[in-house]
Structure formats: C-alpha cells, structure tokens
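This report describes a protein chain and two of its residues. Please consult the sequence and the structure shown here while reading.

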Amino acid sequence: VAPKCSVGCVYNYARKALLAVSGCGVPQRVVVRKVDPCSLVPTLARLAEVEPPMGAMAEPLTEVFEQK
C-alpha cells in the first residue's frame, strides 16, 4: 500500500476537486471516485511514456488508460 499524500488542508469541503485528463489516446469517460493526489505524477509520467520519479509511490489512475 502506497503512503498517502498530505495536501495540507484542514477543511473537508476544500479537499474535493474535479480532475480532468484529456489528450490523444485518453478515452472519453466520466469516473466518480476518490483519487489520491499522489497518483497524478505516475499517471502523467505514464502518459508521457517516461519513468516516474523514484519517490512516486502511488499507482497511476488506471481509468486514464483503459479502453471502453
């Protein structure tokens, strides 16, 4: 299990945000679920086809790569 990121926010309402990922080869879909902010870096690295930084412990967001 990957360690959780700390986003430094004490208010629950401020911890919710919309995340949109768009680009060539990214399937169009709407997914509603909780997302660990630490997953953004591995996801962007995979989209760019590069290795994620050594400190990136979270898994990429699989929805970005799955075809319908």
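Is L44 buried or exposed? L44 is exposed, because its relative accessible area is 55% and the term applies to values over 50%. The model discussed here is predicted.

**Overall chain**

Of the 68 residues in the chain, 19% are buried. The accessible surface amounts to about 5900 Å², and carbon and sulfur atoms contribute 58% of that surface. Among contacts with a separation of 6 or more, 51% join residues 24 or more positions apart.

**L44 and the nonpolar patch**

L44 is located in helix α1. On the surface, L44 forms a nonpolar patch together with L19, V21, V35, L40 and L47. The accessible area of these residues together is about 450 Å².

Leaving aside residues up to four places away in sequence, E63 touches P27, R29, V31 and R33. With R33 there is also a polar contact between the two side chains, at 2.3 Å.

The two residues are set out below by relative accessible area.

| Residue | Relative accessible area | Class |
|---|---|---|
| L44 | 55% | exposed |

Notes:
Residues are numbered from 1 along each chain as its sequence is written. This is a predicted model: local features need pLDDT of at least 70, side-chain atom pairs count only at pLDDT 80 or more; totals for chains, interfaces and linings use all residues. Side-chain values use heavy atoms; hydrogens and water are left out. A polar contact is a pair of N or O atoms within 3.5 Å; within protein, one must be able to donate a hydrogen and the other to accept it, and residues adjacent in sequence count only if both atoms are side-chain atoms. Contact means heavy atoms within 4.5 Å. Patches are made of residues with over 30% relative accessible area and no salt bridge: like charges are joined within 9 Å, nonpolar side chains (Val, Leu, Ile, Met, Phe, Trp, Tyr) within 5 Å. Accessible areas come from the Shrake-Rupley method with a 1.4 Å probe; for residues, only the protein chains shown count as cover. A salt bridge is a side-chain nitrogen of Lys or Arg within 4 Å of a carboxyl oxygen of Asp or Glu. Helices (H or I, at least four residues) and strands (E, at least two) are DSSP runs, numbered from the N terminus. Buried means under 20% relative accessible area, exposed over 50%, partly exposed in between (1.4 Å probe, protein chains only).
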